[in-house]
Amino acid sequence: MGIFNKFKTMAANRRELDELGIDPFSIQVDRIISPTEGMINGRHTILAGTNNYLGLTFDPKCIQAARLALDNEGTGTTGSRMANGSYSGHRDLELELASFYQKRDGIVFSTGYLANLGMLSTLAGPDDIVLLDADCHASIYDGCRLGGAKAIRFRHNNPEDLAKRMRRLGERTENTLIVVEGLYSMLGDKALLKEIIDVKKEFGGYLMVDEAHSLGVLGEKGCGLCEELDVLDDVDFIVGTFSKSLGGAGGFCVSNHPELDLIRYSSRPYIFTASPSPATIATTRQALRALSEGTHLRKRLHENAENLHKGLSELDYTLGASPSPVIAVVFEGKLQALQFWDNLLKLGIYVNMMFPPATPNGSYLIRCSISAAHTPDQIAKICEAFAKLKPNT
Ligand code: PMP
């Protein structure tokens, strides 16, 4: 079978899903109706697995900004900024992000994945060490691989374990980058950021926080966990994505380190890919404005999250963390989780099915992501579906 030999396990996994007639990984939304509704398999479905935390994908001002950009600047940039040059919007957005976070400068990447890949692979080379939380996103692991840094995992959200590993590194902590997320994407728990900052202060090194799931969600202005805990000045690099609360696509890093600009000239995931399209940049800039002014959206988002969390707790489901816009229901077995996911879909509720290795501790997760755009009625319908499907204990 040559090069295809390695796909044997995957082929067997796919066959298993085929035989079950359940496939959470090939779902198609035939028609998207709103941030929280779509047609799936001919059924009107409540979408509760989108990461569309503020519901901005249908925001009229964002859509108008994209239309204007399409009319004035065309459909795409057709190349990388290094080769083809930047459009003014790219740099404007970088400066707006820097000002939003009160940092010296920012860089925009074409996706959130590429932001992590581009930053980590360039900041941390073969002589450096990345100490990353075990539950960090794949893009963080991949960035370490691309740069050739030594990646050491510390126990999830465990500052003592981080300190133990830092102590062992001795003087090498000078060349160490600690990486955590603001809000973890699988279980919806927050980083123990203050304690992690204390470890950094004691042992040295640098700290990067990926606010992918906390941008727009946490903090008075919506900067994320760093703002909520008032530790923006203690964090060296903040990365994030435009693809969740901002409703677009793209990623960024902001920092006070003057060397940030030099990353551009050495980062392969920045140099060797096309820059975001004008429409993407325009919607993101508008969404960033909406996000800063969006206290009411954040309030609604957290009310919705609290209500769903309360509803599912009362039904005695095992939940991943305290209330946050990511609510994960933990299942022991794969088959049970798959059938539950499929039954939810048949009741008109779409959520994410998460399998190992993406999940912590080899767990199977039914992951709901809540939006400010969910109505109280939709949250009630999600709870009703979970009540109907409650396994007999
Ligand atoms: N970081 C984290 C923590 C994520 O969860 C994700 C996406 N799930 C990314 C980065 C990548 O972002 P994007 O999908 O915008 O490329």
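This is a predicted model: local features need pLDDT of at least 70, side-chain atom pairs count only at pLDDT 80 or more; totals for chains, interfaces and linings use all residues.
Residues are numbered from 1 along each chain as its sequence is written, and side-chain values use heavy atoms, with hydrogens and water left out.

View A. Strand S1 (residues 31-34) pairs with strand S2 (residues 37-40) in the antiparallel sense over 3 bridges. Strands are DSSP runs of E with at least two residues, helices are runs of H or I with at least four, and both are numbered from the N terminus; two strands pair if DSSP finds at least two bridges between them. Between S1 and S2 runs a hairpin of 2 residues. S2 also pairs with strand S3 (residues 43-47), again in the antiparallel sense, over 4 bridges. Here Gly38 has Thr45 in S3 as its bridge partner. The hairpin of S2 and S3 has 2 residues between the strands, and Asn41 takes a positive phi near 50° in it.

**View B. The pair of Phe4 and Phe7.** The structure holds 11 aromatic pairs. The ring centres of Phe4 and Phe7 are 6.2 Å apart and the planes are at 35°, so this pair is tilted. Rings of Phe, Tyr and Trp (its six-membered ring) pair if their centres lie within 6.5 Å; planes under 30 degrees apart count as stacked, over 60 as edge-to-face and the rest as tilted. Phe4 is partly exposed at 49% relative accessibility, and Phe7 is partly exposed at 45%. Buried means under 20% relative accessible area, exposed over 50% and partly exposed in between (1.4 Å probe, protein chains only).

**View C. The pair of Phe340 and Phe386.** With centres 5.4 Å apart and planes at 45°, the rings of Phe340 and Phe386 form a tilted pair. The pair links distant parts of the chain, 46 residues apart: Phe340 lies in helix H14 (residues 334-346) and Phe386 in helix H15 (residues 376-388). Phe340 is buried at 5% relative accessibility, and Phe386 is buried at 0%.

**View D. An aromatic cluster.** Phe100, Tyr101, Phe242 and Phe252 form one aromatic cluster.

**View E. Lys390 and Tyr317.** The charged end of Lys390 sits over the ring of Tyr317, 4.7 Å from the ring centre. A charge sits over a ring if NZ of Lys or CZ of Arg is within 6 Å of the ring centre and within 35 degrees of the ring normal.
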